[in-house]
Amino acid sequence: MSARAEPADFQLPESAVPILVQLGLTYRCNLACKHCYALYRRDRNEFTLAEIRTLADELYDAGSAAVVYSHGENMIRRDFHDAASIFAERDFYQTLMLNGFYVRSTVDATRLAEAGINRTMVSVDSADPKVHNEVRGKDGAFDRALEAVDHLLASDINTVGFSCTIDKHNYDDIDLIVELALERGVHAVSFMQNRYNLRDVFDRTLWARYQQVCRDLYELMLRHRGRLDIYTHDPFMLTLLDQRLDDNAAREDFIGANLCNVGTSMVSIDPVGNVTGCNFINESIGNVREEPFADIWSRLVDRYSDRTDPPRGACTDCSALSACMGGCKAYHYVDKYDERCGQVRFGEPTPHGLPAATVEALIPDRAAGVFLGMPRLETRLTADGEAAR
């Protein structure tokens, strides 16, 4: 029997290869989602097909093997299928994140399959149409999403799933979303906790609730294993590993779906060429229109490496460090810890027991990149003066 996989086996590699690329071909979108990190980055200076071909070659040479189309609604580009074909010619595994509005028939879905799209994840934020439409900012968005799912399932797309953004508006609806997925016959559900991108804006009273959400998701994953793939992309989930994941392949899948692989095996490139650790990090390490991708990747690895610069502060004494490795870098990329986490994992009133003034005073000791324009974030002041979502 092979040795049991552990998170550190994946999170601390000897060498880093940008296997997975989060690629945006456009920031444009027909929706105005409340949680969108790109709502005010509508730069139209997008990659041309010639630039996409050059970038595909550079990524291939760097060892990249998979592309996830994100940032905006990529099907808005009339030449999207041509762009996807470029990556298909280089044998990339391609995942398309979409809202469903541009897949209105099985013919549309078939075109995606013919262009080389292997996996589609349709945004579905609730089993309640009203909640989904409100989150996505458009009436009818729910019906469009499910119609697209049906068309995609009727095509040759290998994997069709839901991409669900979770927050306090739907923490209580996780079971219903899973039931909808089973009823619809999709293959996977991705539950992505909102990333707010700014420090000190979290309502910390929510994190004890989120800890229970993580446990609920873990139980659902175990219950439906082999029937429906459920994952969250949140390193906190790795603290829940237990002996029930006795199948090493299932354990590896769970680790791979939830670890933070910024600076080890993943990179993000936006529609105008900025290279960041992931979609939710607002720090550009370089631009592929100005210098070779390989040079930028080397700097990015140095910037985010947990092997050479491990999580510090309270993380050094935390029993969960070997699993979560400090959590999500979109929350902690400046100070090397996930700001959501308290001194004992979740739910503490202040991060790591440090007063807010001390946290604000922390200064990064690594070379910074260039910060991109921040997305709109609606905040208000509570009675005690703390920022809240």
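Biologist: Let's start with charges. Which residue forms a salt bridge with D125?

Modeller: The general idea comes first: side chains of opposite charge can pair when their charged atoms come close. Here, in a predicted model, R136 is the partner of D125, with 2.6 Å between the closest N and O atoms. R136 belongs to helix 5 (residues 129-136), while D125 sits in the loop between strand 4 and helix 5, so the pair ties together parts that are 11 residues apart in sequence.

Biologist: Are R136 and D125 buried or exposed?

Modeller: Both R136 and D125 are buried.

Biologist: How many salt bridges does the structure hold?

Modeller: There are 17 salt bridges. One of them joins the side chains of R77 and E46, at 3.8 Å from N to O. That pair links distant parts of the chain, 31 residues apart: R77 is in the loop between strand 2 and helix 3, and E46 is in the loop between strand 1 and helix 2 (49-62). R77 counts as buried because its relative accessibility is 6%, under the 20% cut-off. E46 is buried too, at 11%.

Biologist: What does R289 pair with?

Modeller: The side chain of R289 meets that of E51 in a salt bridge, 2.9 Å from N to O. R289 lies in the loop between strand 11 and helix 10 (293-304) and E51 in helix 2, so this pair ties together parts 238 residues apart in sequence. R289 is partly exposed at 29% relative accessible area, and E51 is partly exposed at 27%.

Biologist: How do I read strand 2 and its neighbours?

Modeller: Start with the side chains: in a regular strand they alternate between the two faces of the sheet. In strand 2 (residues 66-69), A66 and V68 point one way, V67 and Y69 point the other way, and all are buried. Strand 1 (residues 20-23) pairs with strand 2 in the parallel sense over 4 bridges, and L23 stands opposite Y69. Strand 2 also runs parallel to strand 3, joined by 4 bridges; there, V68 has T95 as its bridge partner.

Biologist: And what does strand 3 pair with over 5 bridges?

Modeller: Strand 3 (residues 93-98) pairs with strand 4 (residues 117-123), again in the parallel sense. In this pairing, M97 has M121 as its bridge partner.

Biologist: Now backbone angles. What is the phi of H71 near?

Modeller: Most residues other than glycine have a negative phi. H71 has a positive phi, near 70°. Look for H71 in the loop between strand 2 and helix 3 (80-89), where it is buried at 11% relative accessible area. M325 also has a positive phi, near 50°. M325 is in the loop between helix 11 (321-324) and helix 12 (329-332), and counts as buried at 8% relative accessibility.

Terms used. Residues are numbered from 1 along each chain as its sequence is written. This is a predicted model: local features need pLDDT of at least 70, side-chain atom pairs count only at pLDDT 80 or more; totals for chains, interfaces and linings use all residues. Side-chain values use heavy atoms; hydrogens and water are left out. Two strands pair if DSSP finds at least two bridges between them. Helices (H or I, at least four residues) and strands (E, at least two) are DSSP runs, numbered from the N terminus. Buried means under 20% relative accessible area, exposed over 50%, partly exposed in between (1.4 Å probe, protein chains only). A salt bridge is a side-chain nitrogen of Lys or Arg within 4 Å of a carboxyl oxygen of Asp or Glu.
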